[in-house]
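Please examine the sequence and the structure shown here before reading on.

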Amino acid sequence: MALPSFDSGWRDGARIKPRICVLEIKDRDKLDGEPIAWLFVEREETYRRDDRDGSVYEASIRLSYERIAPKHSYRMSGKGHFSGGFSRGYGDGSSVSLTSESTSRGAVFLDLPGLEGQRVGTYLMNEIVQWVRQWPEATVRSVELLSGQAHGENKARRNRFYEQFGLKFDYRDPEQREGLSRPMLSEALTPVETWQSNIRECDVREYLGGVLYDRDRLGFELSQRERAIRNLSDEIKRAEAHPVRWALRQLWWRISPPLGQVTILLIFAVMVWLGLKPK
C-alpha cells in the first residue's frame, strides 16, 4: 500500500472504500453524453473504542467534496461536506445521526451550482446511510426539516430526498414545509443506488492517468495538424512562385495514374498478340 489514501482497505473483515476518490458525473437525462462535472471526495472516519473490550462507543464519518474546475476558471467550484455519527449511549441506548458527526441535530447542504438534481446529494447521503447501518439496533436521530429550506421546487425535492432512504416525517403544516422524522432503527434505513446510473466512482490514479492520456493524444493530434498546415503553406508558396509549373505538375499527377494503367494494358495486349505469357 504505497498510497493508502487511494487504495481500498479492510476493517473488521469488510472492505472499505479508498479515503479519496473522484466522482465522474453525467447529466441524468443524457447518459450517452460526456461528463458534465467531476468531484474530489474525501472520506474521514473516526472510532473510539472501549479499552476493556475494544467495542466502539463513539464514531463519526465526514464526506468532504470539492468540484474539480479548470485552472484559472472563473466558475464557482463548490465545496462542502456530509456527516454522520454514532454514540453507544446509556439509558436511551445507541443512536446514529445522518446529518451530524455527533448525535445532535445537524443539517445537510449541497453547494454545487448547476448540479441540482444530478443525484450528487443522493450519493453522499447513501454513503452515510450505509455507514450507520453498521449499528442496526441504533435509533436514528430525528432529521428536522425547516420551512426556510422549502422554497419553490426545492421543497418537494428536499422531502423526496430524505424519504427515499426510508425516513417518514410528521409535518407541522399541510404544505409539508417543516417537520421531524419519526423514530426508527438504523436497520430500517433503505440504501439507494439510483445514483449509479449517472455517477461513477473513479480511482484517483485512473482519473489522472486518463487526463495525461488525453493530453498526450491531443498533443499528437495538434502536431499532426501543424505539420499538415506547414506542408500546405509550403505548397501555396511554390504555387505563388511558379504558378505555371505548379499547375502542370498538378495536372500530371491527376492524369498519370490513368495513363499508367493504359500503358500496362497495352503492354499486356502486345504480349498476348505475340503469344508471350506474362510471368
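The model is predicted. Within it, β9, β11 and β10 form, in that order, an open sheet of 3 strands with antiparallel pairing. The strands β9 (144-145) and β10 (169-171) each have a single partner, so one side of each is left without a neighbour in the sheet. Helix α2 (residues 154-163) packs on this sheet and touches β9 and β10, its direction making about 150° with that of β10. The antiparallel strands β9 and β11 are joined by 2 bridges, and Glu144 stands opposite Leu180 in β11.

The loop between β11 (179-181) and β12 (199-202) contains Asn198. With a relative accessible area of 3%, Asn198 is buried, because buried means under 20%. Beyond its neighbours within four places in sequence, Asn198 is in contact with Glu24, Ile25, Lys26, Arg28, Leu31, Gln118 and Arg119.

Side chains of opposite charge can pair when their charged atoms come close. The whole structure holds 21 salt bridges. In one of them, the side chains of Arg19 and Glu44 meet at 3.9 Å, N to O. This pair links distant parts of the chain, 25 residues apart: Arg19 belongs to the loop between β2 (14-16) and β3 (20-25), and Glu44 to strand β4 (residues 37-49). Arg19 is partly exposed at 36% relative accessibility, and Glu44 is partly exposed at 31%.

A salt bridge also joins the side chains of Arg48 and Glu58 (3.1 Å, N to O). Arg48 lies in strand β4 and Glu58 in strand β5 (residues 56-67), so the pair ties together parts 10 residues apart in sequence. Finally, Lys17, Arg43, Glu45, Glu127 and Glu201 are linked in a network of salt bridges.

Key. Residues are numbered from 1 along each chain as its sequence is written. This is a predicted model: local features need pLDDT of at least 70, side-chain atom pairs count only at pLDDT 80 or more; totals for chains, interfaces and linings use all residues. Side-chain values use heavy atoms; hydrogens and water are left out. Helices (H or I, at least four residues) and strands (E, at least two) are DSSP runs, numbered from the N terminus. Buried means under 20% relative accessible area, exposed over 50%, partly exposed in between (1.4 Å probe, protein chains only). Contact means heavy atoms within 4.5 Å. Two strands pair if DSSP finds at least two bridges between them. Axes are lines fitted to C-alpha atoms, for helices over the stretch in contact, and angles run from 0 to 180 degrees between N-to-C directions. A salt bridge is a side-chain nitrogen of Lys or Arg within 4 Å of a carboxyl oxygen of Asp or Glu.
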